[in-house]
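Student: Could we go through this model together? I'd like to know what stands behind each label.

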Amino acid sequence: MINNRVVITGIGVVAPNALGAADFEVALKEGRSGIRFFEESQSLNFRCQIAARPLITDAYKARYFDDYYQNKLENKAIIYACLAGFEAWENAGLSYSNDQIDFDSGMVIGSGALGMDSTTADIWSKIISGNNKRLGSRAIPQCMSSGAAAYLNKILGLGNRVLSNSSACITGTESVLLGYEHLKLGKAKRMLCGSTEGDGIFIWGAFDAMRILTSDSNEDPTNGSRPMCNSRLGFIPGSGSGAMVLETLESAQSRGAKIYAEILGADVNSGGFRDGGSMTAPNSNAVIHCMKNSLHQAKVSSDEIDLISGHLTGTKGDSTEIKNWKKALGCTQDQFPLINTAKSMIGHCIAGAGSIELVATLIQMEKSFVHGNYNIKEVDPDITAEIPLDRIPMKTVDKEINTAIKANFAFGDLNCSIVLRKWQDG
Amino acid sequence: MDKNKIQEELKNIIAIYVPEKEILDNLTLEHDLINDLKINSAHIVDIVLDVEEKYDIMIEDDVIMQMGTIGQAIDVIHGKVQEK
(Lines give C-alpha, C1' and ligand atoms only; values in the text may rest on other atoms or scores of the structure.)
Protein backbone atom coordinates (compact mmCIF):
# COMPACT_ATOMS: atom_id res chain seq x y z
CA MET A 1 0.00 0.00 0.00
CA ILE A 2 1.21 3.48 -0.81
CA ASN A 3 2.04 5.32 2.40
CA ASN A 4 3.35 8.75 1.47
CA ARG A 5 4.74 11.15 4.02
CA VAL A 6 2.67 14.33 4.04
CA VAL A 7 3.89 17.84 4.79
CA ILE A 8 2.45 21.34 4.97
CA THR A 9 3.96 23.86 2.56
CA GLY A 10 1.61 26.84 2.65
CA ILE A 11 -0.58 28.71 5.14
CA GLY A 12 -3.24 31.40 4.89
CA VAL A 13 -5.62 32.90 7.41
CA VAL A 14 -8.39 35.43 7.87
CA ALA A 15 -8.98 35.80 11.60
CA PRO A 16 -10.97 38.23 13.74
CA ASN A 17 -7.72 39.77 14.98
CA ALA A 18 -5.58 39.66 11.82
CA LEU A 19 -5.63 39.39 8.04
CA GLY A 20 -2.94 37.12 6.63
CA ALA A 21 -0.39 34.86 8.32
CA ALA A 22 2.24 37.57 8.87
CA ASP A 23 -0.17 39.81 10.75
CA PHE A 24 -1.63 36.83 12.62
CA GLU A 25 1.82 36.06 14.02
CA VAL A 26 2.06 39.58 15.45
CA ALA A 27 -1.50 39.43 16.79
CA LEU A 28 -0.94 36.10 18.56
CA LYS A 29 2.29 37.34 20.13
CA GLU A 30 0.85 40.58 21.42
CA GLY A 31 -2.51 39.14 22.44
CA ARG A 32 -4.52 41.34 20.10
CA SER A 33 -8.26 40.87 20.59
CA GLY A 34 -10.70 40.59 17.72
CA ILE A 35 -13.75 40.61 19.96
CA ARG A 36 -16.06 43.62 19.65
CA PHE A 37 -19.49 44.89 20.68
CA PHE A 38 -22.27 44.89 18.06
CA GLU A 39 -25.15 47.35 18.40
CA GLU A 40 -27.35 45.16 16.24
CA SER A 41 -27.04 42.31 18.74
CA GLN A 42 -28.09 44.70 21.47
CA SER A 43 -31.09 45.99 19.55
CA LEU A 44 -32.20 42.41 18.91
CA ASN A 45 -32.07 41.59 22.64
CA PHE A 46 -29.27 39.03 22.46
CA ARG A 47 -27.85 38.17 25.86
CA CYS A 48 -24.39 38.08 24.32
CA GLN A 49 -23.85 41.25 22.29
CA ILE A 50 -20.20 40.72 21.47
CA ALA A 51 -18.59 38.66 18.74
CA ALA A 52 -15.37 38.22 16.81
CA ARG A 53 -15.34 38.76 13.06
CA PRO A 54 -12.53 39.58 10.62
CA LEU A 55 -12.34 43.21 9.54
CA ILE A 56 -11.98 42.75 5.80
CA THR A 57 -11.01 45.82 3.81
CA ASP A 58 -11.43 46.46 0.09
CA ALA A 59 -7.67 46.94 -0.09
CA TYR A 60 -7.05 43.49 1.39
CA LYS A 61 -9.58 41.89 -0.95
CA ALA A 62 -7.91 43.59 -3.91
CA ARG A 63 -4.71 41.65 -3.13
CA TYR A 64 -6.35 38.39 -4.14
CA PHE A 65 -9.65 39.19 -5.89
CA ASP A 66 -10.50 40.23 -9.43
CA ASP A 67 -13.25 42.85 -9.86
CA TYR A 68 -15.96 40.20 -10.07
CA TYR A 69 -15.01 38.60 -6.73
CA GLN A 70 -14.41 42.03 -5.22
CA ASN A 71 -17.92 43.23 -6.08
CA LYS A 72 -20.12 40.18 -6.38
CA LEU A 73 -19.01 37.82 -3.63
CA GLU A 74 -21.27 38.62 -0.71
CA ASN A 75 -21.33 35.58 1.58
CA LYS A 76 -18.66 36.28 4.19
CA ALA A 77 -17.86 32.61 4.77
CA ILE A 78 -16.96 32.35 1.09
CA ILE A 79 -15.01 35.60 1.09
CA TYR A 80 -12.96 34.50 4.12
CA ALA A 81 -12.28 31.06 2.60
CA CYS A 82 -11.20 32.50 -0.73
CA LEU A 83 -8.84 35.02 0.89
CA ALA A 84 -7.26 32.37 3.15
CA GLY A 85 -7.12 29.82 0.35
CA PHE A 86 -5.47 32.09 -2.21
CA GLU A 87 -2.96 33.21 0.43
CA ALA A 88 -2.05 29.61 1.31
CA TRP A 89 -1.69 28.66 -2.35
CA GLU A 90 0.55 31.66 -2.99
CA ASN A 91 2.46 31.07 0.25
CA ALA A 92 3.25 27.54 -0.93
CA GLY A 93 4.83 29.05 -4.05
CA LEU A 94 2.13 27.62 -6.29
CA SER A 95 0.47 29.35 -9.20
CA TYR A 96 -2.49 28.75 -11.51
CA SER A 97 -3.46 29.63 -15.02
CA ASN A 98 -6.79 30.47 -16.57
CA ASP A 99 -6.63 27.78 -19.20
CA GLN A 100 -5.01 24.85 -17.41
CA ILE A 101 -6.33 22.26 -15.04
CA ASP A 102 -4.16 20.53 -12.44
CA PHE A 103 -5.31 16.93 -11.93
CA ASP A 104 -2.63 16.33 -9.28
CA SER A 105 -4.10 18.91 -6.91
CA GLY A 106 -7.42 18.98 -5.09
CA MET A 107 -9.01 20.59 -2.08
CA VAL A 108 -11.04 19.99 1.05
CA ILE A 109 -12.67 23.27 2.11
CA GLY A 110 -15.31 22.79 4.75
CA SER A 111 -17.88 25.06 6.32
CA GLY A 112 -20.30 24.98 9.21
CA ALA A 113 -23.46 26.99 8.60
CA LEU A 114 -22.40 28.78 5.45
CA GLY A 115 -26.00 29.49 4.45
CA MET A 116 -26.64 31.24 7.79
CA ASP A 117 -24.27 34.11 7.10
CA SER A 118 -26.06 37.43 7.63
CA THR A 119 -25.64 38.34 3.94
CA THR A 120 -28.23 35.68 3.09
CA ALA A 121 -30.93 37.90 4.65
CA ASP A 122 -31.40 39.64 1.32
CA ILE A 123 -32.10 36.30 -0.38
CA TRP A 124 -34.78 35.23 2.08
CA SER A 125 -36.48 38.62 2.13
CA LYS A 126 -36.72 38.72 -1.67
CA ILE A 127 -38.24 35.24 -1.77
CA ILE A 128 -40.67 35.91 1.09
CA SER A 129 -41.85 39.15 -0.53
CA GLY A 130 -42.54 37.47 -3.85
CA ASN A 131 -39.51 38.88 -5.63
CA ASN A 132 -37.42 35.78 -6.16
CA LYS A 133 -36.98 36.91 -9.77
CA ARG A 134 -34.67 39.63 -8.48
CA LEU A 135 -32.19 37.18 -6.96
CA GLY A 136 -29.95 36.67 -9.94
CA SER A 137 -27.70 33.66 -10.38
CA ARG A 138 -25.57 33.88 -7.28
CA ALA A 139 -28.00 32.98 -4.49
CA ILE A 140 -27.57 29.22 -4.78
CA PRO A 141 -23.77 29.16 -5.32
CA GLN A 142 -23.36 31.44 -2.33
CA CYS A 143 -25.60 29.35 -0.07
CA MET A 144 -24.59 25.85 -1.06
CA SER A 145 -22.35 24.13 1.46
CA SER A 146 -19.75 23.59 -1.25
CA GLY A 147 -19.81 27.29 -2.17
CA ALA A 148 -16.45 28.17 -0.65
CA ALA A 149 -14.64 25.38 -2.50
CA ALA A 150 -16.49 26.21 -5.70
CA TYR A 151 -15.48 29.88 -5.72
CA LEU A 152 -11.90 29.00 -4.77
CA ASN A 153 -11.65 26.46 -7.53
CA LYS A 154 -13.17 28.74 -10.17
CA ILE A 155 -9.86 30.58 -9.92
CA LEU A 156 -7.39 27.80 -9.04
CA GLY A 157 -8.59 25.16 -11.51
CA LEU A 158 -7.76 22.08 -9.43
CA GLY A 159 -8.80 18.83 -11.05
CA ASN A 160 -8.32 16.27 -8.30
CA ARG A 161 -10.85 15.63 -5.51
CA VAL A 162 -12.70 18.83 -4.52
CA LEU A 163 -14.62 18.17 -1.33
CA SER A 164 -16.54 20.29 1.17
CA ASN A 165 -16.79 18.65 4.56
CA SER A 166 -19.12 19.85 7.27
CA SER A 167 -18.67 18.62 10.84
CA ALA A 168 -19.36 21.66 12.98
CA CYS A 169 -16.38 22.67 15.15
CA ILE A 170 -14.02 19.92 13.94
CA THR A 171 -14.56 20.91 10.29
CA GLY A 172 -11.14 22.58 10.03
CA THR A 173 -9.08 19.83 11.63
CA GLU A 174 -11.10 17.24 9.74
CA SER A 175 -10.41 18.99 6.40
CA VAL A 176 -6.70 18.54 7.07
CA LEU A 177 -7.21 14.91 8.08
CA LEU A 178 -9.13 14.21 4.87
CA GLY A 179 -6.45 15.83 2.72
CA TYR A 180 -3.72 14.02 4.64
CA GLU A 181 -5.31 10.60 4.13
CA HIS A 182 -5.89 11.28 0.44
CA LEU A 183 -2.23 12.20 -0.04
CA LYS A 184 -0.98 9.28 2.07
CA LEU A 185 -2.79 6.95 -0.29
CA GLY A 186 -1.10 8.54 -3.28
CA LYS A 187 -4.30 9.83 -4.84
CA ALA A 188 -3.01 13.38 -5.27
CA LYS A 189 0.20 15.39 -4.92
CA ARG A 190 -1.25 18.48 -3.27
CA MET A 191 -4.43 19.28 -1.36
CA LEU A 192 -5.58 22.73 -0.29
CA CYS A 193 -7.28 22.12 3.06
CA GLY A 194 -9.18 24.47 5.32
CA SER A 195 -12.50 25.61 6.64
CA THR A 196 -14.62 28.68 7.06
CA GLU A 197 -17.48 30.21 9.00
CA GLY A 198 -19.47 33.36 8.28
CA ASP A 199 -21.13 35.54 10.87
CA GLY A 200 -23.86 37.95 11.79
CA ILE A 201 -27.15 37.95 13.62
CA PHE A 202 -28.50 34.57 12.48
CA ILE A 203 -25.56 32.50 13.72
CA TRP A 204 -24.96 34.66 16.79
CA GLY A 205 -28.65 34.78 17.68
CA ALA A 206 -29.09 31.02 17.34
CA PHE A 207 -26.08 30.23 19.54
CA ASP A 208 -27.24 32.89 21.99
CA ALA A 209 -30.55 31.03 22.35
CA MET A 210 -28.66 27.99 23.64
CA ARG A 211 -27.35 29.99 26.63
CA ILE A 212 -23.80 28.93 25.92
CA LEU A 213 -22.34 32.36 25.14
CA THR A 214 -20.73 34.81 27.56
CA SER A 215 -23.32 37.31 28.75
CA ASP A 216 -21.40 39.36 31.31
CA SER A 217 -18.98 41.20 29.02
CA ASN A 218 -21.09 43.33 26.69
CA GLU A 219 -19.38 46.41 28.08
CA ASP A 220 -15.95 44.78 28.19
CA PRO A 221 -15.77 42.76 24.94
CA THR A 222 -12.07 41.93 24.93
CA ASN A 223 -12.49 40.25 28.32
CA GLY A 224 -15.42 38.11 27.19
CA SER A 225 -13.57 34.98 26.10
CA ARG A 226 -11.83 33.41 29.11
CA PRO A 227 -10.81 29.81 28.43
CA MET A 228 -9.61 27.93 31.53
CA CYS A 229 -10.45 30.90 33.78
CA ASN A 230 -12.46 30.23 36.90
CA SER A 231 -14.93 32.96 35.92
CA ARG A 232 -15.59 31.73 32.37
CA LEU A 233 -19.23 31.76 31.34
CA GLY A 234 -19.32 30.55 27.77
CA PHE A 235 -17.78 31.14 24.38
CA ILE A 236 -17.81 34.16 22.08
CA PRO A 237 -19.01 33.45 18.53
CA GLY A 238 -16.29 34.03 15.98
CA SER A 239 -15.79 33.67 12.25
CA GLY A 240 -13.03 33.46 9.70
CA SER A 241 -11.03 30.93 7.77
CA GLY A 242 -7.71 29.13 7.80
CA ALA A 243 -6.16 27.25 4.90
CA MET A 244 -3.10 25.04 4.41
CA VAL A 245 -1.45 23.45 1.42
CA LEU A 246 -0.76 19.79 2.16
CA GLU A 247 1.64 18.02 -0.10
CA THR A 248 3.40 14.69 -0.40
CA LEU A 249 6.96 14.99 0.86
CA GLU A 250 8.16 13.85 -2.54
CA SER A 251 6.24 16.60 -4.34
CA ALA A 252 7.36 19.28 -1.89
CA GLN A 253 11.01 18.29 -2.12
CA SER A 254 10.98 17.93 -5.89
CA ARG A 255 9.94 21.56 -6.29
CA GLY A 256 12.12 22.81 -3.43
CA ALA A 257 9.17 24.06 -1.41
CA LYS A 258 9.51 25.48 2.07
CA ILE A 259 8.13 22.92 4.52
CA TYR A 260 6.47 24.05 7.72
CA ALA A 261 5.73 20.70 9.32
CA GLU A 262 5.02 17.06 8.71
CA ILE A 263 1.69 15.56 9.64
CA LEU A 264 2.63 12.50 11.65
CA GLY A 265 -0.81 11.22 12.53
CA ALA A 266 -4.47 12.14 12.62
CA ASP A 267 -7.68 10.61 13.83
CA VAL A 268 -11.36 11.50 13.71
CA ASN A 269 -14.14 9.72 15.56
CA SER A 270 -17.52 10.05 17.19
CA GLY A 271 -18.65 9.49 20.73
CA GLY A 272 -21.87 8.12 19.33
CA PHE A 273 -24.02 10.10 21.76
CA ARG A 274 -23.14 7.47 24.40
CA ASP A 275 -21.24 7.55 27.70
CA GLY A 276 -21.98 11.21 28.34
CA GLY A 277 -21.71 12.23 24.71
CA SER A 278 -24.56 14.38 23.40
CA MET A 279 -25.36 16.88 20.69
CA THR A 280 -23.30 19.49 22.53
CA ALA A 281 -20.95 17.61 24.87
CA PRO A 282 -18.31 15.08 23.94
CA ASN A 283 -18.06 11.54 25.20
CA SER A 284 -14.74 11.72 27.05
CA ASN A 285 -13.87 8.11 26.31
CA ALA A 286 -14.16 8.86 22.60
CA VAL A 287 -12.11 12.04 22.98
CA ILE A 288 -9.30 10.13 24.68
CA HIS A 289 -9.56 7.35 22.09
CA CYS A 290 -9.19 9.90 19.29
CA MET A 291 -6.19 11.67 20.85
CA LYS A 292 -4.49 8.35 21.59
CA ASN A 293 -5.08 7.04 18.08
CA SER A 294 -3.48 10.11 16.52
CA LEU A 295 -0.44 9.73 18.80
CA HIS A 296 -0.22 6.00 18.11
CA GLN A 297 -0.38 6.55 14.37
CA ALA A 298 2.27 9.26 14.69
CA LYS A 299 4.48 6.94 16.76
CA VAL A 300 4.92 9.83 19.16
CA SER A 301 5.11 9.37 22.92
CA SER A 302 3.64 11.93 25.27
CA ASP A 303 7.03 13.15 26.49
CA GLU A 304 7.82 14.31 22.95
CA ILE A 305 4.88 16.74 22.87
CA ASP A 306 6.00 20.36 23.27
CA LEU A 307 2.64 22.03 22.82
CA ILE A 308 -1.02 21.12 23.00
CA SER A 309 -3.30 23.34 20.95
CA GLY A 310 -6.55 22.79 22.78
CA HIS A 311 -10.17 23.21 21.83
CA LEU A 312 -10.82 25.11 25.10
CA THR A 313 -13.81 27.24 24.19
CA GLY A 314 -14.29 29.01 27.51
CA THR A 315 -17.28 26.89 28.48
CA LYS A 316 -17.50 24.62 31.49
CA GLY A 317 -16.10 21.76 29.39
CA ASP A 318 -12.57 23.23 29.56
CA SER A 319 -11.73 21.37 32.78
CA THR A 320 -12.98 18.07 31.36
CA GLU A 321 -10.82 18.66 28.30
CA ILE A 322 -7.71 19.06 30.46
CA LYS A 323 -8.50 15.81 32.25
CA ASN A 324 -8.95 14.08 28.88
CA TRP A 325 -5.63 15.38 27.57
CA LYS A 326 -3.90 14.10 30.68
CA LYS A 327 -5.45 10.67 30.34
CA ALA A 328 -4.72 10.48 26.62
CA LEU A 329 -1.08 11.44 27.14
CA GLY A 330 -0.84 9.07 30.09
CA CYS A 331 1.43 11.48 31.89
CA THR A 332 1.90 12.68 35.42
CA GLN A 333 1.17 16.28 36.42
CA ASP A 334 4.79 17.29 35.96
CA GLN A 335 5.10 15.69 32.54
CA PHE A 336 2.16 17.64 31.13
CA PRO A 337 3.26 19.89 28.21
CA LEU A 338 2.39 23.54 27.59
CA ILE A 339 -1.17 24.11 26.45
CA ASN A 340 -2.83 27.07 24.79
CA THR A 341 -5.75 28.27 22.72
CA ALA A 342 -6.20 31.38 20.61
CA LYS A 343 -9.86 31.64 21.59
CA SER A 344 -9.29 34.37 24.21
CA MET A 345 -8.38 36.61 21.24
CA ILE A 346 -10.55 35.35 18.39
CA GLY A 347 -13.47 33.68 20.15
CA HIS A 348 -14.71 30.35 18.90
CA CYS A 349 -14.69 30.53 15.12
CA ILE A 350 -17.00 27.47 14.90
CA ALA A 351 -16.23 25.58 11.69
CA GLY A 352 -13.34 27.97 11.03
CA ALA A 353 -11.77 27.25 14.43
CA GLY A 354 -9.78 24.13 13.60
CA SER A 355 -8.08 25.51 10.52
CA ILE A 356 -7.36 28.94 12.04
CA GLU A 357 -5.91 27.30 15.15
CA LEU A 358 -3.83 24.86 13.08
CA VAL A 359 -2.37 27.84 11.22
CA ALA A 360 -1.66 29.42 14.62
CA THR A 361 0.11 26.23 15.69
CA LEU A 362 2.20 26.13 12.51
CA ILE A 363 3.21 29.78 12.98
CA GLN A 364 4.27 29.07 16.57
CA MET A 365 6.29 26.04 15.43
CA GLU A 366 7.97 28.02 12.67
CA LYS A 367 8.75 31.06 14.81
CA SER A 368 9.47 29.19 18.07
CA PHE A 369 7.01 30.76 20.47
CA VAL A 370 3.96 29.81 22.47
CA HIS A 371 1.31 32.51 22.52
CA GLY A 372 -0.38 33.41 25.77
CA ASN A 373 -3.74 32.33 27.12
CA TYR A 374 -5.14 35.77 27.79
CA ASN A 375 -7.97 36.94 30.06
CA ILE A 376 -7.26 34.45 32.86
CA LYS A 377 -7.54 36.06 36.28
CA GLU A 378 -7.57 32.79 38.15
CA VAL A 379 -7.24 29.35 36.59
CA ASP A 380 -10.14 27.03 37.36
CA PRO A 381 -9.08 25.00 40.44
CA ASP A 382 -10.39 21.87 38.72
CA ILE A 383 -7.66 22.49 36.14
CA THR A 384 -4.85 23.29 38.57
CA ALA A 385 -5.78 20.08 40.39
CA GLU A 386 -4.72 18.28 37.21
CA ILE A 387 -1.73 20.21 35.83
CA PRO A 388 0.85 22.73 37.08
CA LEU A 389 -0.08 26.38 36.61
CA ASP A 390 3.06 27.09 34.61
CA ARG A 391 1.86 24.83 31.78
CA ILE A 392 -0.73 27.49 30.96
CA PRO A 393 1.34 30.45 29.73
CA MET A 394 -0.58 33.68 30.23
CA LYS A 395 1.71 35.67 28.01
CA THR A 396 3.80 34.76 25.00
CA VAL A 397 6.98 32.81 25.73
CA ASP A 398 9.85 31.88 23.42
CA LYS A 399 10.07 28.16 22.98
CA GLU A 400 11.24 25.68 20.38
CA ILE A 401 8.29 23.47 19.40
CA ASN A 402 9.23 20.30 17.60
CA THR A 403 6.07 18.32 18.13
CA ALA A 404 2.55 19.59 18.70
CA ILE A 405 -0.85 18.00 19.00
CA LYS A 406 -4.09 19.76 18.08
CA ALA A 407 -7.63 18.64 18.77
CA ASN A 408 -11.13 19.99 18.29
CA PHE A 409 -14.51 18.67 19.41
CA ALA A 410 -17.83 19.34 17.76
CA PHE A 411 -21.60 19.35 18.08
CA GLY A 412 -22.82 15.95 17.00
CA ASP A 413 -20.29 14.29 19.35
CA LEU A 414 -17.36 14.47 16.92
CA ASN A 415 -13.63 14.59 17.71
CA CYS A 416 -10.54 15.17 15.61
CA SER A 417 -6.88 15.14 16.62
CA ILE A 418 -3.74 15.85 14.59
CA VAL A 419 -0.05 15.45 15.45
CA LEU A 420 2.47 17.76 13.75
CA ARG A 421 6.26 17.80 13.72
CA LYS A 422 8.28 20.83 12.73
CA TRP A 423 10.30 20.22 9.60
CA GLN A 424 14.05 20.31 10.14
CA ASP A 425 15.97 21.08 6.99
CA GLY A 426 18.59 18.58 5.97
CA MET B 1 -32.33 58.37 -24.62
CA ASP B 2 -29.30 58.28 -26.89
CA LYS B 3 -28.27 54.78 -27.95
CA ASN B 4 -24.59 55.69 -27.74
CA LYS B 5 -25.07 56.57 -24.11
CA ILE B 6 -26.84 53.26 -23.49
CA GLN B 7 -23.98 51.42 -25.20
CA GLU B 8 -21.43 53.07 -22.93
CA GLU B 9 -23.49 52.33 -19.83
CA LEU B 10 -24.16 48.75 -20.92
CA LYS B 11 -20.45 48.25 -21.42
CA ASN B 12 -19.86 49.28 -17.82
CA ILE B 13 -22.57 46.93 -16.59
CA ILE B 14 -21.30 43.86 -18.45
CA ALA B 15 -17.59 44.52 -17.84
CA ILE B 16 -17.53 42.68 -14.53
CA TYR B 17 -18.92 39.52 -16.14
CA VAL B 18 -16.50 39.48 -19.08
CA PRO B 19 -13.53 37.21 -18.37
CA GLU B 20 -11.18 38.76 -20.92
CA LYS B 21 -11.46 42.51 -20.57
CA GLU B 22 -9.39 43.38 -23.66
CA ILE B 23 -12.33 42.64 -25.92
CA LEU B 24 -14.23 45.54 -24.32
CA ASP B 25 -11.81 48.01 -25.90
CA ASN B 26 -13.22 47.25 -29.32
CA LEU B 27 -16.78 46.42 -28.43
CA THR B 28 -19.17 46.37 -31.42
CA LEU B 29 -22.94 46.07 -31.79
CA GLU B 30 -22.45 42.65 -33.35
CA HIS B 31 -20.68 41.11 -30.36
CA ASP B 32 -22.68 38.20 -28.96
CA LEU B 33 -22.77 38.25 -25.15
CA ILE B 34 -22.23 34.52 -24.73
CA ASN B 35 -20.34 33.42 -27.82
CA ASP B 36 -18.07 36.42 -28.39
CA LEU B 37 -17.76 38.03 -24.97
CA LYS B 38 -17.64 34.59 -23.24
CA ILE B 39 -20.05 35.68 -20.53
CA ASN B 40 -21.22 32.67 -18.51
CA SER B 41 -24.85 32.07 -19.52
CA ALA B 42 -25.89 32.09 -15.84
CA HIS B 43 -24.78 35.72 -15.68
CA ILE B 44 -27.22 36.90 -18.37
CA VAL B 45 -29.88 37.00 -15.67
CA ASP B 46 -27.53 39.06 -13.47
CA ILE B 47 -26.95 41.52 -16.31
CA VAL B 48 -30.71 41.83 -16.86
CA LEU B 49 -31.16 42.59 -13.13
CA ASP B 50 -28.42 45.21 -13.25
CA VAL B 51 -30.00 46.78 -16.35
CA GLU B 52 -33.48 46.79 -14.80
CA GLU B 53 -32.14 48.55 -11.76
CA LYS B 54 -30.11 51.07 -13.74
CA TYR B 55 -32.98 52.14 -16.02
CA ASP B 56 -35.91 51.35 -13.74
CA ILE B 57 -37.48 49.09 -16.36
CA MET B 58 -38.84 45.54 -16.44
CA ILE B 59 -37.52 43.05 -18.95
CA GLU B 60 -39.78 40.02 -19.37
CA ASP B 61 -38.29 36.54 -19.66
CA ASP B 62 -39.21 36.17 -23.34
CA VAL B 63 -37.57 39.49 -24.13
CA ILE B 64 -34.29 38.32 -22.55
CA MET B 65 -34.05 35.80 -25.39
CA GLN B 66 -33.91 38.71 -27.83
CA MET B 67 -30.83 40.23 -26.16
CA GLY B 68 -28.22 38.05 -27.84
CA THR B 69 -25.90 40.77 -29.08
CA ILE B 70 -24.87 44.14 -27.73
CA GLY B 71 -26.92 45.82 -30.46
CA GLN B 72 -30.03 43.80 -29.63
CA ALA B 73 -29.62 44.49 -25.93
CA ILE B 74 -29.36 48.23 -26.61
CA ASP B 75 -32.52 48.09 -28.75
CA VAL B 76 -34.44 46.35 -25.96
CA ILE B 77 -33.28 48.85 -23.34
CA HIS B 78 -33.94 51.80 -25.64
CA GLY B 79 -37.45 50.54 -26.40
CA LYS B 80 -38.28 49.97 -22.72
CA VAL B 81 -36.99 53.39 -21.73
CA GLN B 82 -39.12 55.02 -24.45
CA GLU B 83 -42.21 53.19 -23.19
CA LYS B 84 -41.80 54.60 -19.69
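Tutor: Among contacts in chain A between residues at least 6 apart in sequence, 79% join residues at least 24 apart. This is a predicted model, where local features need pLDDT of at least 70, side-chain atom pairs count only at pLDDT 80 or more, and totals for chains, interfaces and linings use all residues. Residues are numbered from 1 along each chain as its sequence is written, chains are lettered from A and ligands numbered from 1 in the order in which they are written, and side-chain values use heavy atoms, leaving out hydrogens and water.

Student: Why is Asn45(A) called exposed?

Tutor: Exposed means over 50% relative accessible area, buried under 20%, and partly exposed in between (1.4 Å probe, protein chains only). Asn45(A) has 66%, so it counts as exposed. Lys299(A), at 73%, is therefore exposed too. Buried residues make up 61% of the 426 in chain A.

Student: What is the phi of Asn45(A), and where does this residue sit?

Tutor: Its phi is positive, about 70°, although it is not a glycine. Most residues other than glycine have a negative phi. Asn45(A) lies in the loop between α2 (39-43) and β4 (50-52) of chain A; helices (H or I, at least four residues) and strands (E, at least two) are DSSP runs, numbered from the N terminus. Lys299(A) also has a positive phi, about 55°, and is in the loop between α11 (284-298) and β10 (307-309).

Student: How do you know that Lys133(A) and Glu52(B) form a salt bridge?

Tutor: The rule asks for a side-chain nitrogen of Lys or Arg within 4 Å of a carboxyl oxygen of Asp or Glu. Here the closest N and O atoms are 3.7 Å apart, and the pair qualifies. Between chain B and chain A the count is five salt bridges.

Methods. Contact means heavy atoms within 4.5 Å.
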